[in-house]
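Subject: Handover of a structure and its findings

Dear colleague,

Please find below the structure that I am handing over to you. The findings follow directly after it.

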Amino acid sequence: MNKILLSIIGLFTSCFCCCGQQKFKTIDADEFEQMIAMPDVQLVDVRTQEEYNEGHIKEGRILNLNVQKDDFMSKAKKLLDKKRPVAVYCRSGKRSANAATKLSEEGYEVIDLKGGILEWQSRGKKVYKEEE
C-alpha cells in the first residue's frame, strides 16, 4: 500500500514539475550579443514604441513588436520566419519571457535576454536612440 501511495505522489509531483518548464532559452547579455551577431537570428524588441525610441539594441535588422498589444502574434506571424531563431528582449525580462512563451508555443525557436536591456546596459553594452 505504501509503495502505491508513494508512486501516486511521485506521479503527481513529476506532472506539476514538468508543466512549469519553459520552451525557450534564456541567456545572459554576453551570450545574447554573440547570438544576435549571427546573420540568421531575428532580433525583436517587445517594448513600447516610446521605450524603443529611448534606446534599443542595434544589430542588423531589428523589429519593434509590443507584446502588450492584442495584435502582437498576428504581426509576429507576418514578419518573423519560423525557420530562423528569434531573439527577444524587453526592459527587465518579464515581457520578453511572455513574448518568448507565446512565440515558442507557435513553433518559433526563441532566445530571451535575461534581465532585459537593463542587464545589457549594466554590462556596458551600447544602446542606440532612434535618431542615431
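A residue is called buried when its relative accessible area is under 20%, exposed when that area is over 50%, and partly exposed in between. By this rule Asp 30, with a relative accessible area of 36%, is partly exposed. Please note that this is a predicted model.

**The chain as a whole**

The chain has 132 residues, of which 38% count as buried. Its secondary structure consists of six helices and five strands, arranged along the sequence in the pattern α-β-α-β-α-β-α-β-α-β-α.

The five strands form an open sheet in the order E1-E5-E4-E2-E3, and their pairing is parallel. Strand E1 (25-27) and strand E3 (62-64) stand at the edges with a single partner strand each, so one side of each has no neighbour in the sheet. From one strand to the next, the twist averages 25°.

Within this sheet, strand E2 (residues 42-45) runs parallel to strand E4 (residues 86-89), and four bridges join the two. Leu 43, for instance, has Ala 87 in E4 as its bridge partner. Helix H2 (residues 29-36) lies across E1, E2, E4 and strand E5 (110-113), and runs at about 135° to E5.

**Salt bridges around Lys 125**

Side chains of opposite charge can pair when their charged atoms come close. A search of the whole structure finds eight salt bridges. One of them joins the side chains of Lys 125 and Asp 30, at 2.9 Å from N to O. This pair links distant parts of the chain, since Asp 30 lies in helix H2 and Lys 125 in the segment after helix H6 (116-122), 95 residues apart.

Lys 125 also forms a salt bridge with Glu 33, where the closest N and O atoms are 2.8 Å apart. Glu 33 belongs to helix H2 and Lys 125 to the segment after H6, so this pair ties together parts that are 92 residues apart in sequence.

Is Lys 125 buried or exposed? Lys 125 is buried, because its relative accessible area is 13%, which falls under 20%. Glu 33, in contrast, is partly exposed, with a relative accessible area of 36%. A network of salt bridges links Asp 30, Glu 33, Glu 119, Arg 123 and Lys 125.

**Arg 95 and Glu 51**

Arg 95 lies in helix H5 (residues 94-105) and is buried, with a relative accessible area of 16%. The side chains of Arg 95 and Glu 51 meet in a salt bridge of 2.8 Å, N to O. Here too the pair links distant parts of the chain: Arg 95 is in helix H5 and Glu 51 in helix H3 (residues 49-54), 44 residues apart. Both Arg 95 and Glu 51 are buried. Residues up to four places away in sequence set aside, Arg 95 touches Val 46, Arg 47, Thr 48, Glu 51, Val 67, Gln 68 and Cys 90.

**Arg 47**

Arg 47, one of the residues that Arg 95 touches, is found in the loop between E2 and H3. Arg 47 is buried, because its relative accessible area is 5%, under the limit of 20%. Which side chain is joined to that of Arg 47 by a polar contact of 2.7 Å? The partner is Asp 45.

Apart from neighbours within four places in sequence, the residues in contact with Arg 47 include Tyr 52, Gly 55, His 56, Asn 64, Tyr 89, Arg 95 and Ile 117. For Tyr 89, the separation from Arg 47 is 42 residues in sequence and 8.0 Å in space, C-alpha to C-alpha.

With kind regards

Conventions: Residues are numbered from 1 along each chain as its sequence is written. This is a predicted model: local features need pLDDT of at least 70, side-chain atom pairs count only at pLDDT 80 or more; totals for chains, interfaces and linings use all residues. Side-chain values use heavy atoms; hydrogens and water are left out. Buried means under 20% relative accessible area, exposed over 50%, partly exposed in between (1.4 Å probe, protein chains only). Two strands pair if DSSP finds at least two bridges between them. Axes are lines fitted to C-alpha atoms, for helices over the stretch in contact, and angles run from 0 to 180 degrees between N-to-C directions. Contact means heavy atoms within 4.5 Å. A salt bridge is a side-chain nitrogen of Lys or Arg within 4 Å of a carboxyl oxygen of Asp or Glu. A polar contact is a pair of N or O atoms within 3.5 Å; within protein, one must be able to donate a hydrogen and the other to accept it, and residues adjacent in sequence count only if both atoms are side-chain atoms.
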